[in-house]
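Me: I have a structure to look through and I'm new to it. Can we go over it piece by piece?

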Amino acid sequence: MWVRRLRLWSGLVIALFVTMHLVNHAFGVLSLEAMDEARPYLTAVWWNPVLVAALYASLAVHFILALLALYRRRSLRMPRAEALQLGAGLAIPLLLAGHVIATRGANALTGLDPTYQYVMLQLWSNEWLRIKQPLLILIVWTHVLVGLHMWLRALSRHS
């Protein structure tokens, strides 16, 4: 029971980060400048050392608990939603690693401020990244929505 709660809470922390990050992306409808102007307000909370630690801990815990749940399964037969959730969850770290290294890693190692103009130049200069980043957003958001759906469905059964 505590494992499920820990997976849920770690997932909710990650979902909050993802939501704020995608809200920041939504400012791109206006302009790159709007994205960069909104960024300090939408990311300031995640530069707080305590919350950054909570985010990183949540990422690690969520992934480890997903692997543990997979290991404990007697069979890989599962409902489609669960298979989608699991497949997306396992793909996310592989697709996300380069983005994290190019933004957070570059900031930590060199002090580079990864503005949206910087990120967009990187994306548009590489054909694979032009495909990978929108695919990553789709996969992450699908994972979040399926996870929320499964959690809310479980809640409705218990009430």
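Me: Which residues are linked in a network of salt bridges?
Reply: Asp36, Arg39 and Asp113 are linked in that network. A salt bridge here is a side-chain nitrogen of Lys or Arg within 4 Å of a carboxyl oxygen of Asp or Glu. Note that this is a predicted model, where local features need pLDDT of at least 70, side-chain atom pairs count only at pLDDT 80 or more, and totals for chains, interfaces and linings use all residues. Residues are numbered from 1 along each chain as its sequence is written, and side-chain values use heavy atoms, with hydrogens and water left out.

Me: What is the N to O distance for Asp36 and Arg39?
Reply: It is 3.5 Å for that salt bridge. Asp36 and Arg39 are three residues apart in helix H2, so about one helical turn separates them. Helices are DSSP runs of H or I with at least four residues, strands are runs of E with at least two, and both are numbered from the N terminus.

Me: And where do Arg39 and Asp113 sit in the chain?
Reply: Their side chains meet in a salt bridge at 3.0 Å, N to O. This pair links distant parts of the chain, 74 residues apart: Arg39 is in helix H2, and Asp113 is in the loop between helix H4 (80-110) and helix H5 (116-124).

Me: Is Arg39 buried or exposed?
Reply: Arg39 counts as buried, because its relative accessibility is 16%. Buried means under 20% relative accessible area, exposed means over 50%, and partly exposed is in between, using a 1.4 Å probe and protein chains only. Asp113, at 43%, counts as partly exposed.

Me: How many salt bridges does the count come to?
Reply: Three. One of them is between Arg73 and Glu82, with the closest N and O atoms 2.6 Å apart. Arg73 is partly exposed at 27% relative accessibility, and Glu82 is partly exposed with a relative accessible area of 27%.

Me: Changing topic. How many helices and strands are there in the protein chain?
Reply: Six helices and zero strands. The C-alpha atoms fill a box of roughly 45 × 35 × 30 Å along the principal axes. Of the 159 residues, 26% count as buried.

Me: At what angle do H1 and H2 pack?
Reply: Helix H1 (residues 2-26) and helix H2 (residues 32-47) pack at about 170°, with axes 8 Å apart. Axes are lines fitted to C-alpha atoms, for helices over the stretch in contact, and angles run from 0 to 180 degrees between N-to-C directions. H1 and H2 are therefore roughly antiparallel. Under 35 degrees counts as roughly parallel, over 145 as roughly antiparallel, 65 to 115 as roughly perpendicular, and the rest as oblique.

Me: Which residues of H1 and H2 meet?
Reply: From H1, they are Val13, Leu16, Phe17, Met20, Val23, Asn24 and His25; from H2, they are Met35, Ala38, Arg39, Leu42, Thr43, Val45 and Trp46. Contact means heavy atoms within 4.5 Å.

Me: What about H1 and H3, how do their axes cross?
Reply: The axes of H1 and helix H3 (residues 49-72) come within 8 Å and cross at roughly 135°. H1 and H3 are therefore oblique to each other. Among the contact residues are Val3, Leu6 and Ile14 of H1, and Leu55, His62 and Ala69 of H3.
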